[in-house]
Amino acid sequence: MATFYVYVHRREKRVLVTGRHPPGSLPSGEWELVYSSGKWRQAYEYAVTHYPDYVVEFFKEEMQNNPVLNTC
């Protein structure tokens, strides 16, 4: 079962929803893990609900072959 994570980069006001873990796989050491879920939609909804003024980001390669991600 996949797990999806929500990371926040507070200084740049960015939020990332991803299946990548641990944080070392992220582009910067400034990302903070704030949430995890077994469902992508729940992770996404957490991100946009708790960080409405942040830019929401995804990794393109995680979206390419995932029908759930492509419909959101």
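Tyrosine 51 is buried, with a relative accessible area of 10%; buried means under 20% relative accessible area, exposed over 50% and partly exposed in between, using a 1.4 Å probe and protein chains only. Tyrosine 54 also counts as buried, at 18% relative accessibility. This is a predicted model, in which local features need pLDDT of at least 70 and side-chain atom pairs count only at pLDDT 80 or more, while totals for chains, interfaces and linings use all residues. Residues are numbered from 1 along each chain as its sequence is written, and side-chain values use heavy atoms, leaving out hydrogens and water.

## Aromatic rings

A pair of aromatic rings is described by the distance of the centres and the angle of the planes. Rings of Phe, Tyr and Trp (its six-membered ring) pair if their centres lie within 6.5 Å; planes under 30 degrees apart count as stacked, over 60 as edge-to-face and the rest as tilted. The structure holds six aromatic pairs. One of them joins tryptophan 40 and phenylalanine 58, a tilted pair at 5.5 Å centre to centre with 35° between the planes. Tryptophan 40 sits in helix α1 (residues 40-50) and phenylalanine 58 in the loop between β4 (55-57) and α2 (60-63), so this pair ties together parts that are 18 residues apart in sequence. Helices (H or I, at least four residues) and strands (E, at least two) are DSSP runs, numbered from the N terminus.

What about the exposure of these two partners? Tryptophan 40 counts as buried at 7% relative accessibility, whereas phenylalanine 58 is partly exposed, with a relative accessible area of 31%. The rings of tyrosine 51 and tyrosine 54 have their centres 5.1 Å apart and their planes at 55°, so that pair is tilted. There is also an aromatic cluster, formed by Trp40, Tyr44 and Phe58.

## The sheet and its helix

Strands of a sheet pair through backbone hydrogen bonds, either parallel or antiparallel. Here, four strands make an open sheet in the order β3-β1-β2-β4, with mixed pairing; two strands pair if DSSP finds at least two bridges between them. The edge strands β3 and β4 each pair on one side only. From one strand to the next, the twist averages 20°. Strand β1 (residues 4-9) pairs with β3 in the antiparallel sense over five bridges, and phenylalanine 4 stands opposite serine 37 in β3. Helix α1 packs on the sheet, touching β1, β2 (14-18), β3 and β4, and its direction makes about 140° with that of β3. Axes are lines fitted to C-alpha atoms, for helices over the stretch in contact, and angles run from 0 to 180 degrees between N-to-C directions.

Serine 37 belongs to strand β3 (residues 32-37) and is buried, with a relative accessible area of 7%. Not counting residues up to four places away in sequence, serine 37 touches Ala2, Thr3, Phe4, Gln42 and Ala43, where contact means heavy atoms within 4.5 Å. A polar atom of the serine 37 side chain lies 3.1 Å from the backbone nitrogen of lysine 39.

Tyrosine 7 is found in strand β1 and is buried, with a relative accessible area of 0%. A polar atom of the tyrosine 7 side chain lies 3.3 Å from the backbone oxygen of arginine 20. The C-alpha atoms of tyrosine 7 and alanine 43 are separated by 10.0 Å, and these residues are 36 residues apart along the chain.

## Salt bridges

Side chains of opposite charge can pair when their charged atoms come close. A salt bridge is a side-chain nitrogen of Lys or Arg within 4 Å of a carboxyl oxygen of Asp or Glu. The count comes to five salt bridges, among them these:

| Pair | N to O distance |
|---|---|
| Arginine 10 and glutamate 32 | 2.9 Å |
| Arginine 11 and glutamate 30 | 2.9 Å |
| Arginine 14 and glutamate 57 | 2.4 Å |

Arginine 10, in the loop between β1 and β2, and glutamate 32, in strand β3, are 22 residues apart. Arginine 10 is partly exposed at 42%, and glutamate 32 is partly exposed at 37%. Arginine 11 counts as exposed at 58% relative accessibility, while glutamate 30 is partly exposed at 40%. Glutamate 57 lies in strand β4 and arginine 14 in strand β2, so their pair ties together parts that are 43 residues apart in sequence. Salt bridges that share partners join Arg11, Glu12, Arg14, Glu30 and Glu57 into one network.

Definitions and conventions. A polar contact is a pair of N or O atoms within 3.5 Å; within protein, one must be able to donate a hydrogen and the other to accept it, and residues adjacent in sequence count only if both atoms are side-chain atoms.
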